[in-house]
Every structure is written in C-alpha cells, then in structure tokens.
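Biologist: Hi! I'm new to this one, could you walk me through it?
Modeller: Happy to, let me bring it up.

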Amino acid sequence: MKITTASGIPVADNQNSLTAGPRGPVLLQDFHLIEKLQHFNRERIPERVVHAKGSGAYGTFTVTHDITKYSKARLFAEVGKQTETFLRFSTVGGEKGSADTERDPRGFAVRFYTEEGNWDLVGNNTPVFFLKDGIKFPDFIHTQKRDPQTNLKSPTAMFDFWSRTPESLHQVTTLFSSRGTPDGYRHMHGFGSHTYSLINAAGERVYVKWHFLTQQGIKNLSAEEATRIAGTDPDYAQRDLFTAIAGGDFPRWDVKVQVATEAELAAWEARTGWNPFDLTKVWPHADFPLLPVGVLELNRNPVNYHAEVEQAALSPSNVVPGMGYSPDKMLQARLFAYHDAQLYRVGTNHQHLPVNAPRCPFHNQQRDGAMAGANGGAAVNYDPVQAQGSNPHGMGHGEPPLALDGAAGRYDGRGKEDDYTQAGNLFRLMPAAEQQNLFNNIAGPLSQVNIEIIERQLAHFDQADPAYGAGVRAALKARGVNLA
Ligand code: HEM
C-alpha cells in the first residue's frame, strides 16, 4: 500500500527529510515532514478524569425472559431479540498507563445500540458507591488521585476522607475485600448500582436495579498476586479480555433486575429505615429477588483502540423510551457530568464518531462545531416545522409524572441515617478467611496514617461489627501500630 499525506497525495520519501545538501538544514517546504510532526504532537486527547485505564469490546444482548409488563423499551420487545452492545471496563483512580490489578472498583459501562437510540448503563463491579451526594465526588476523587505536592498516592487523604464520611463504609468494605482485586474483567459481576425506572406501555413506573452476573464465575487475585502482576504484566486485564475474545472464548453475563413499585419501596423504607435511592445501600435479594432478563455476550474486539475505546463516550443520561431515572442524588449529578466531560475530552461532536453514533436513524437541530460529520445534511435545522419527522406535540414517551415532596433545601442526613448495618451485614457474610484478608488489606494502607485518623476509622468498623473493628486492630498491631 502506498503511503500518502492525509490529503491523499503520494509521499515521495518517508525515510529522508528534504535537506539543503546531504547534511541539512531541513527545508520548510518538506510539507510531509511537517504534517507528520504536527499530527504526532496532537495524538493524545485528555484522559478521562476518572476511569482513565480501560478495555472495551463489542457484543450482543439477547432477551431470554419477557419483561414487557415492566418496560416498553423496544430492545425488550420479544424473547430472542438481539441488540448490539459495547462494553468498556476500567479501573477508577489510576492514570491511563496504570496497572490493571490495582485495588480499586472496576468500571462496567455498557452501551446498547437500540433501535430507539443508545442506552448507556454506566456502572461498576460493585452494587454500591462511597457517596450518596454528587457534591462530594470531586473531593473524594482528589483523595484517590495524587497529592498536590508529593505527586504520590496518599493513604492519609483516603482515610481522612473515608473516616469523615461514614456512608463510605459499605463500599470501603467491598474495596478491601478480595473483590477489590478481581482477576481480570471476565470474572466479575457488573451492576447499574443506581436505582433507575422502567415504564410500560400503560405508562406505569417501577423502580429497578440492574445486575450482570458473570457466567465465568467470580475469580479474584490475592493482594500479593495483584502486586506481583502489577510489576510483571500491568496490562493483565486488557490482555486477558482481548486474548479470550480473539480466541473465540466469549465472556457472558446473565442480565437480571430487581423490580419494585413505589408503594413496595415506601413500605420497605418504613420497615428498614433505608432510603431506596441511596447509592450506599443495596436492596437485599431476600426482599427484592433477581428476575432474569437476558444474556450479554462479548464477541468482537475493537479494531482500533483509540478510535473505539479511548473516544467512547458513555453517559448515564442516555436512557431510551420505556426507561427513566430516579430521585437518587448521585445519579442526578451524573446526568450532568458525563456529557459535559465528553464535550471537553472528545469534542462538541463526539456523538458523530462511529462508536458513539446511534445505529438507528437520528435527527435533531444541532449543527456545526468542530469536526461536524454529516452535520445533518440538507435537513431543516429548526423545529417545529411542517416536515416529516418533526415532533410538534413534544417528545413525551408516556412517562408518568413523578410525585415529589418536601421543600427545596440542603438536607444533611449524617448521623441520622444508618450507614453501618449493611456494611456489617456484608462483613458477616464473609467466611473467616475472607474476613482475615479484609483486615490485612485495610491494615496495609491504614498503618501508614496518623493515629487520629486511624482511631476515627476504627470507630466506624466497630459500629458495623465489633469483630470487624477488633480484626483490623489486631492486623494494625501486627504491623507495629501502637493503639490505645
Ligand atoms: C456524582 C458522582 C459521579 C460523577 C460526577 C462522575 C463523573 C465521571 C466522569 C466525568 C467520567 C468521565 C467521562 C468521560 O470522560 O467519558 C466518569 C467515568 C465513569 N464513571 Fe463516573 N462519576 C460519578 C459517579 C460514578 C458512579 C457512582 C459510578 C458507578 C456506579 C461511575 C462509573 C463510571 C464509569 C464506569 C466511568 C467510565 C465510563 C467509560 O468506560 O467510558 N461513576 N465519571
């Protein structure tokens, strides 16, 4: 294949610059050299502010069970129906070149290219999160990234923040369990985490939580293995995923939902005291059983990492007719954050890129801006208009009105809400060996922190379960920490 410039002009020589005499200097008119250097200087786009290191693959979602009584979304229309998908896995706190085996939640961001637009479920491998209010997210992430002066990761910042943020305890317990270091991306579950809603053809709403249960089985790395692999094969999870798919060993997840009506959630909240829209809480399976929906299979590797994975731009605000959001405060902040980040990271017209463009016909009045692709062609660029495809009566999808109560204000639930029982329940579910892992995994970084922060964090473990606090204390003492 002949090399050309980006404008298609055959390149005369790609090995020798155009020089005055055999020793140079180089001539400004070597446009090919200049274009080559200029483009190279612009090869990087900003990495994602979080979840910078990741791996992606395409796949297929197949409906196995009928949920049309809950949602009229077309992708669920009949059993056997298939929808093309894209999934990006990631770690959270590390940079684009960081090790895949770091202790961190894993991102599990799925896009369904439905016939009524892209549905993005941007979740993690954990059913809960560290926070219940998005106003704390930038501060929390600063504790996970590098210290402004030392440019080092800071256990002090992490535990200072967590110890002052009791609602983080549930997720902290997951993070320091063996699930904090999954063995690649194929051997972990995925969760939508937030409560979303589904809306059926009659305009009735139910609330849901999405679960993706790995058919490969859960496999985790021990802390020692994870550390060793970080040094010997930092791209371990990328390699594992790509190799498996290239070899025809397609990973699969059973897709399930927990479903509840508004009245059922109100009764559950009255009984348990837990806000069903609080992202630091699970809905226990005993109260809301998992219902099967379908199977997600990953079966195609991207051809070009930068174009298809680095430039992928998924957003929790992308839900299709037959679905909706919920009053979860964290979700509300995320509905704004993603598209805004992508306007900066990828550009105004990031939705024109092949990995981001819907697979169905789309039509709106957005035009122009840098890198506009088809740019709407000759179609009318205003609305309402007497033209086919216009929506003179608005975009209602039959979503029922959402009843709200209370006056606008800043409500601080701290100290009044129960941040301990579910964290304690998770701890009590763990077999003894797993509890011991948890103690050791926590004691590693916690032992590097000042005593005031240690005591404040220990008080949270104690409240979740006295055995939890006692176990971490013993592991800290074994590391030479002097405790009262
Ligand atoms: C209010 C809280 C949050 C804010 C403001 C926030 C913000 C962001 C931003 C700005 C990005 C980068 C987007 C991009 O450049 O494409 C991102 C990525 C991501 N976030 Fe969040 N986030 C929040 C909470 C969460 C939660 C609770 C989860 C999971 C349950 C989550 C999962 C992810 C994932 C998986 C990605 C990577 C998406 C991909 O693979 O492209 N985030 N987040």
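**Between the domains**

Modeller: Across the interface of domain 1 and domain 2, the rule finds 0 salt bridges. Keep in mind that this is a predicted model.

Biologist: Okay, and how is the protein chain divided?
Modeller: Into domain 1 (54-127 + 182-352) and domain 2 (421-478). Their centres, taken over C-alpha atoms, are 29 Å apart.

Biologist: How many residues are in contact there?
Modeller: On the domain 1 side 7 residues, in contact with 4 residues of domain 2. The count of residue pairs in polar contact between the two domains is 2.

Biologist: What area is buried between them?
Modeller: About 370 Å², with carbon and sulfur atoms giving 47% of that. Arg103, Trp274 and Val282 supply 77% of the area that domain 1 buries against domain 2, more than any other three residues.

Biologist: Switching topic: how many residues has the largest nonpolar core?
Modeller: This core has 38 residues, and Trp162, Ile442, Tyr468, Val472 and Leu476 are those with the most contacts inside it. Elements giving two or more residues to the core include α3 (155-163), α11 (432-446) and α13 (466-478).

Biologist: And why does this core lie between domain 1 and domain 2?
Modeller: Because both domains give residues to it.

Biologist: What is Val472 in contact with?
Modeller: Leaving aside neighbours within four places in sequence, Val472 is in contact with Phe439, Ile442, Leu446, Leu458 and Phe461.

Biologist: What about a second core?
Modeller: There is a separate one of 37 residues, and Leu75, Phe76, Leu198 and Leu241 are among them.

Methods:
Residues numbered from 1 in each chain as written. Predicted model: local features only at pLDDT ≥ 70, side-chain atom pairs only at ≥ 80, totals over all residues. Heavy atoms only, no water. Core = buried A, V, L, I, M, F, W, Y, C linked by side-chain atoms within 4.5 Å. Buried < 20%, exposed > 50% of the residue type's maximum accessible area, 1.4 Å probe, protein only. Helix = DSSP H or I, 4+ residues; strand = E, 2+ residues; numbered from the N terminus. Domains from an automatic or database assignment. Contact = heavy atoms within 4.5 Å. Buried area = accessible area lost by both parts, 1.4 Å probe. Salt bridge = Lys/Arg side-chain N within 4 Å of Asp/Glu carboxyl O. Polar contact = N/O pair within 3.5 Å; in protein donor to acceptor, adjacent residues only side chain to side chain.
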